[in-house]
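Here is a short briefing on a protein model.

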Amino acid sequence: MKGVVLLSGAPPPVIAHKSIIKAIFFSILTFIGFVFTAIVLHFLIYENSKSYRRFLQETIYLQPKCNQACKTDAAPWTSLYQKFQKSNLRSMMDGPYVLNKTSVYVVMKDSAKIACDVYVPLMQDGSFGKYPAIFHGTRYHRCFNVKFPFSLILGRTFDVRFDVTKNFIEQGYSVVSCDVRGTGASGGTRKHDLHQDEINDLYQIVEWIINQPWSNQIVGGYGISYDGMVAEALLSTQHPSIKAIAPLFSPFDLYRDVAWPNGLLSIGFLKTYSQFVSKLELNQFIPRNLLSSLGAHIFFNYVVDGVALVPGEESFYYNTALKEHEANYDLVTSIIKAEFSDIELDWIESEELKTIEYLNQVQVQKNIIRKDIGLLGISSWLDGSFIRSTITRHLSYWTKYKTLIIGPFDHGGIKNSSPFAETRTRCFDLISELIGFFDYHLKYLPNSVNKKKNQIVKEEEYEKFNYYYLDSNNQTSRVRYFVIQQEEWKQSEKWPPKEFQTETLVIDNQRRLVYYSEAIPHQNNSHAYYNNQQENQQKEKQTIIENIDQIQLDYEIGTGVFSRWHFLFQMDPRALRYEVFNNNSISLLNYTTYPLQNDIEITGHPYIDITIKGNNKDAILFCYLLELNNNSERTSATYISEGFIRALHRKFSPLTPSNVKHIQQDIIHDQNITNVCNVNGNDNGNLQQQQQEFKNQSTITTFLNNMNGLLNTVEPFRSFSQVDATPLTPNEFEEIRIFFYPISYKLKKGNSLALAISGWDKDNFDLRDVIPNLSTKIEIDNSKTKLYLPMKRRDTKYIL
C-alpha cells in the first residue's frame, strides 16, 4: 500500500479542507457583519439624518409620512395654494429638471473668499434657463465632508438641507448656499454677528448671483435660527433684487430675545451654543458635554470631518481660513458684559456707539421699511423667546405682504412638541409652505405685475393675485396659529385675533383665582375678594386670612433641561417637559381656579400685575401658567407659558412715535425717506430739518427711543438701559407688570388653571455671580394681584 507523500509545510488534505471551510465560514460572517453594520449605519445616519439635522438647528426636510389619524398639525390651507400653483404656475416651468451642483469661492472686495454651493436646475439635455434664486447663508456648515467608511453610504459630502434644496430645484429655482464670513470653508473673521463686513458680503454675493447666466435677477432668502437672521440681513443690503425673505424660528431682537430676555442672562443656552459654534468654526473635536446624545457625538466627531471644502486648486485656502477663524469674537464673554442695553462694548465696531442696542437699531431701520417685500415668519409657542421675536417682526414690518405662522413645534420645526400630540412626527408641510410663499413672490407676483403694467390683465383680475394670503373663504388670512390641546389650526387677519377680550382674575380669600367681575370685596378690606360662586356666602363674615405670601430664594429650584430655553439648542428627541411642577419635593407658591365649568381658549399675550416687597434693591420673579388635570387619580400639571422679570428693569419707556423720524438718510433708500416721514404725518419740507435733528441728538437715549418708535409690539417697551434702571426700595411694596410669552391654549372643562411663582431658575438663568443686591426673601400681597388673560367672550356667567 502506497503511502501519501506530504510536502514539507503543507497541511494534510483533511486539515486543509477544514481550513477552507473555516475561512469561508468566517468570510460569510464578516460579510453578514458588514451588511448588518451597513444597515444599522444606514438607519442611524441616513434614515435618522433628520435627527442629526436637528443637532444643527438648521434643517427642514421632506414631508414625513404621517399617520392619517394623527395629522393634527397638518395645515389645512396648504392644499389651497398648491392647487392654484398647479393651474397657474405650470406655464412658467420648463421641468422636469436635473440637479447640477458646483462649489465655488466668491471673492469679496477685501479679498476674503466666501465658500458657496450652487445648485442649478438643468434640462434633460443639459441646457438651463433663467430662474429665481434662493439664497441661504449659514454658520453651521453649508455641507459636511464625510469620513470613510460612512462615505460609502452618505457619499463624500453630506448636505443636511439637501431635501429642501432638491424640492426648490424641482420647482424651477436655483439655490445658493454659503458659509458666512468667518465660518465653515469661508475666510475672514467674525468681529460680531451680522457685522457690516458680513452685510457687505451679502450684497456682493447677490450681485454675483444676478450676473450668472442662469439668473433672472430675482432673489429670495430663507434660513432657520441664525441663518434666518442672515436671510433677514439681505434687506440691510438694500439690494433691489431681494423680493422675499423667510426668517424661520429666528430672533429679531438680539438683546431682548437672545442674550438678556427680560433682563436675565440666558446663560444655559449661551454657554453651550457659544462653545459649540466655536468648535465648529475651528473644525475641532466637539466634547460630549456639548452634545445631548451619543449619536450626535458620533456624528460630529466620527462620521463627518468638518466642512466640505471647495474642490480644485483653491482648496488649500481652507488652512488660511482656519487661521482667520481663530480671531473670531467670543460670544459669552462679550454678551455677559452687555448687562444693560446701553453699555458700550469694545467688540461692536461703530463710529458712533458701541452698544448691542445700536447694532439692533441699525439693522431694524434698514429692514422694516421695504413696503414691497414678502415676509414669512414661522415660529413655535415653545421656542424660547423667539416667538416674541417673530411676532414683533411681523408687526413692525411695513409691508402688506407678510404671513405669521405659529405652531406646536420645537426649534427648527423638526418635531411636533404639543404635550397632547399622539405622535411627535411633524405633519405640517414646511417645505410646501416655503415653496408656496416663494412661488407667489418670486414667480407669480412679478409676472402678474408685469402683465398688469402691460395691460394684459384687468384690474379686478389683478386683485386675485393675493391668493397666497387668502383662506378657504377668500378672506385675508395673514396670521395662522395652532391651538394647543384643541390641536387645531386657526386663521386671522391680524395678531392678536380681534375676537379675544381681556378678562381679569384676582385672588380670593381661599387663594383661588376668580373673575374680578364675580368677586365680592370684603367689607373690611377692599383688596380682599370672595368668589360669588361659593355656596356658603357667610364666609364673607369670617376673619380674613393673611394676604401676604412669601418666597424664599432657593438656588436649587430650576425648570430642568427640557424647558423652552433648552429647546433653542437641546437635541434630545424627547418632548418638552417641566417636571418641576409635578415634583412633590419642590414646593412653589401657587394659586388655582375652581374646576372649570366650560372649556376656555386663551390666545394672545397674558400678563400679571403683582405687588412685591424685597429685602434688597433687586429681585427676580418667575410666573408660570399651568393647567391642572383634576380628572386623574393624581393631579398633574401641564405647562402653558411663563413670564419673568428682573425688578431693576420693571420700568416701561414712554412710547414716542415721533422718534421714527430720526432715521439717517444713508440707512435707507432715498425713495423710502418720504415713507418714513409720512408715518407721522410729516411732509418732505421738514426732511432736512429732521435729518439735522437726528445728527444733533445722536445720544444713547435717542437710539433707545428710536427702537421704541420703530418696533411695533403688543407689550409695552422696556429699554433695559442704565438710564431706566430703577432699584427697589428695600422693604417697601411696589407693583410690577410681567408679560407671559404669547400662547394659544384650550383649557378643558373640569380642569383648573394654576399660577405658580418662583424666584429662581438655576437651569436657565443662574445669575448669582452677575446680579448684586439680590433679595433673598420676597413678599407678595396677593390681595393686589391681578392676572389678565385674553379669552373668547364667555357664553355662560360662571366659568371659574
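Does T165 count as buried or exposed, and at what relative accessibility? At 4% relative accessibility, T165 counts as buried. Buried means under 20% relative accessible area, exposed over 50%, and partly exposed in between (1.4 Å probe, protein chains only).

This is a predicted model: local features need pLDDT of at least 70, side-chain atom pairs count only at pLDDT 80 or more, and totals for chains, interfaces and linings use all residues. Residues are numbered from 1 along each chain as its sequence is written, and side-chain values use heavy atoms, with hydrogens and water left out.

**T165 and its contacts**
- T165 sits in helix α5 (residues 162-170). Helices (H or I, at least four residues) and strands (E, at least two) are DSSP runs, numbered from the N terminus.
- Leaving aside residues up to four places away in sequence, T165 touches Y119, D159 and V175. Contact means heavy atoms within 4.5 Å.

**Helix α7**
- Eight of the eight residues of helix α7 (residues 226-233) are buried, so the helix is largely enclosed by the rest of the structure.
- The buried residues of α7 include Y226, M229 and E232.

**Cavities**
- The structure holds 10 cavities of 30 Å³ or more. A cavity is a set of points, on a 1 Å grid over the protein atoms alone, where a 1.4 Å probe fits but cannot get out; lining residues have an atom within 4 Å of a point.
- The largest cavity has a volume of about 320 Å³. Grid points are joined across faces, edges and corners, and a volume is the space filled by probe spheres set on the points.
- It is lined by 23 residues, of which R256, R388, T713, E715 and P716 are the closest to its centre.
- α14 (386-396) is one of the elements that each supply at least two lining residues. With four residues, α14 gives the most to this lining.
- By class, the lining of the largest cavity has 12 nonpolar, five polar and six charged residues. Ala, Val, Leu, Ile, Met, Phe, Trp, Tyr, Cys and Pro count as nonpolar, Asp, Glu, Lys and Arg as charged, and the others, Gly among them, as polar.

**Cysteines**
- A search of the whole structure finds one disulfide, a term for a pair of cysteine sulfur atoms within 2.5 Å.
- C116 and C178 form the disulfide, with their sulfur atoms 2.1 Å apart.
- C116 lies in strand β2 (residues 113-122) and C178 in strand β6 (residues 174-179), so the pair ties together parts 62 residues apart in sequence.
- The S-S torsion of C116 and C178 is about 105°, so the disulfide is right-handed.
- Both C116 and C178 are buried.
- C143 counts as buried at 1% relative accessibility, and C623 is buried at 0%.

Technical notes: On a 1 Å grid over the protein atoms alone, a cavity is a set of points where a 1.4 Å probe fits but cannot get out, and a pocket is an open set with protein on both sides within 12 Å along at least five of seven lines; lining residues have an atom within 4 Å of a point.
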